[in-house]
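Here are my notes on the model you sent over.

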Amino acid sequence: MSIQKIARLAGVSVATVSRVLNNSDSVKDRNRQKVLQAIKESNYQPNLLARQLRTARSSMILVMVSDISNPFCAEVVKGIEEQAEKNGYRILLCNSGSDIERSRSSLQLLSGKMVDGIITMDAFSKLAELSQLIGTAPWVQCAEYDDSGATSCVGIDDRVAARQVVGYLAEQGRQRIGLINHDLSYNYARLRQQGYLQQLSQQRLSWQAIAYASELSFSAGQAAMNLLLQAETRPDAVFAVSDTLAAGAMAAIQQAGLRIPDDIAVVGFDGTELAGMVSPPLTTLAQPSREIGRQACELVLQKIARPDASPQRIIMTGELILRASS
C-alpha cells in the first residue's frame, strides 16, 4: 500500500496524506479523519526511514533510565510513552544503570540522527558528564534534576515530601524515626535525607538513625532494616525512600517477631502498586509518576520544536497515602 493509494481511498491529495503522516497542524479535521480512517482500513505502514530522510527527524525519543526494574522508573516510562505516542513519536529505552560508558554508547544514536531528543533519569552526579556528551541536543532530566536550572527537568520537591512523611510520623506519637536511604550520589537521596533531618529538628526529636541500602531492592531493604534492628535502641517508625525498600523493611520487622505498626510503623515513597500488595498495606508518599513522565515528554517535544527555548523546571506535588502500616 502506497501513499498514493491512501490518498485515493481518502479522496484527498497526496500532499494532504503527507501532512497527516507528519502531524502537520494545517490539515482540516475532516480531511485528517478521512486519511486516518483510510490508513486504518488498509493497515498502511509508513516508511519511517523515508520519512526521516525527508523531514530530517526520526520521530524517536531516547529514554535513559537508571534502573528499569525500579517500579517508579517503569511508571514514569509509561507516562513518557503515552505522551510520545499522542504526538506521533516512539521511544527507545536504555537501562543505563547510571553508568557513563553505557550512556555514551546509547548517545551515539543522537550523533547518528536516530533520535530527536533525550529524556534521562540518571544520577545527579552524572549530569555534568551527560551534559558534555549531549551538548545542545533537546534534553530533559526526569525525577533527578539540576538546581542550577541549566537543564530542563521535571520532578517533585523531595525535601518537602520527606518532611511531610516525618511530620506525619511525629504527629502519630513516634519518637524514634529511622531512615532507610540509598546512594547519596542521587540528588533525591540527599534531599530526602535533608528533609528527614530538618523535620526531626523541627519536631524537637533528637533520636535519629540512618541505614543505607546498597541498591533499590527488596533484599537491600531487608538488610538495611536489620541493621536498624541490631542497634542498641531500635526505631518505633521507619521511613524508607522507596516502596521496594519499605517492603523489604517490613519483611525484616515481621521476621524479627515484631508487629507493624504496633511496634514499628513503616512509610515508603513513590506510590507504586507494590504499596497496596504488601501486608499490611503500606503508607507511602506517592509521586505523580505517570504525569512526571508525560510532562518530561512534553518538555522534550517543545525543545525539539524550539531548540533555542530556555530550560524549564516543573516541580510537582506528592501525596501522602495513609494505609495500615502506620
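1. Start with helix α1 (residues 3–10) and helix α3 (residues 29–42): their axes come within 9 Å and cross at roughly 115 degrees. Axes here are lines fitted to C-alpha atoms, for helices over the stretch in contact, and angles run from 0 to 180 degrees between N-to-C directions. Helices (H or I, at least four residues) and strands (E, at least two) are DSSP runs, numbered from the N terminus. The α1/α3 crossing is right-handed, that is, the near helix is turned clockwise from the far one by less than a right angle. On the α1 side I6, L9 and A10 make the contact, and on the α3 side K34, V35, A38, I39 and S42 do; contact means heavy atoms within 4.5 Å. By class that gives six nonpolar, one polar and one charged residues. Ala, Val, Leu, Ile, Met, Phe, Trp, Tyr, Cys and Pro count as nonpolar, Asp, Glu, Lys and Arg as charged, and the others, Gly among them, as polar.

2. A word on the ground rules. This is a predicted model, where local features need pLDDT of at least 70 and side-chain atom pairs count only at pLDDT 80 or more, while totals for chains, interfaces and linings use all residues. Residues are numbered from 1 along each chain as its sequence is written, and side-chain values use heavy atoms, with hydrogens and water left out.

3. Now look at the parallel sheet. It is open, with six strands in the order β2-β1-β3-β4-β5-β11; two strands pair if DSSP finds at least two bridges between them. β2 (90–95) and β11 (313–316) are the edge strands, each pairing on one side only. Ignoring direction, neighbouring strands are turned by 15 degrees against each other on average. At one end of that order, β1 (residues 60–65) and β2 pair in the parallel sense over six bridges, with I61 opposite I91 of β2.

4. Which helices pack on this sheet? Helix α5 (residues 71–86) is one, touching β1, β2, β3 (117–121) and β4 (139–142), and its direction makes about 160 degrees with that of β2. Helix α14 (residues 289–305) also packs on the sheet: α14 touches β1, β3, β4, β5 (152–156) and β11, at about 170 degrees to the direction of β5.

5. The mixed sheet is open too, with six strands in the order β7-β6-β8-β9-β10-β12. Its edges are β7 (209–212) and β12 (319–321); each has a single partner strand, so one side of each is left without a neighbour in the sheet. The twist averages 20 degrees from one strand to the next. For an antiparallel pair, check β10 (residues 283–286) and β12, joined by three bridges, where T284 stands opposite I321.

6. Helices pack here as well. Helix α9 (residues 158–171) touches β6 (177–181), β8 (237–240), β9 (265–270), β10 and β12, and runs at about 160 degrees to the direction of β9. Helix α11 (residues 218–230) touches β6, β7 and β8, its direction making about 145 degrees with that of β6.

7. Strand β8 deserves a zoom. β8 pairs with β6 in the parallel sense over four bridges, F239 being the bridge partner of L179. Three bridges join β8 to β9, again parallel, and V238 has V266 as its partner in β9. The chain gets from β8 to β9 through helix α12 (residues 243–255), in a right-handed β-α-β crossover: with the strands pointing away from the viewer, the path from the first strand over the helix to the second runs clockwise.

8. Most residues other than glycine have a negative phi, and most peptide bonds are trans. A cis bond joins I260 and P261, with omega about 5 degrees, and P261 sits in the loop between α12 and β9. Another cis bond joins S279 and P280, with omega about -5 degrees; P280 lies in the loop between α13 (274–277) and β10. R204 has a positive phi near 60 degrees and is exposed, at 76% relative accessible area. D270, in strand β9, has a positive phi near 125 degrees but counts as buried at 6%.

Notes:
Buried means under 20% relative accessible area, exposed over 50%, partly exposed in between (1.4 Å probe, protein chains only).
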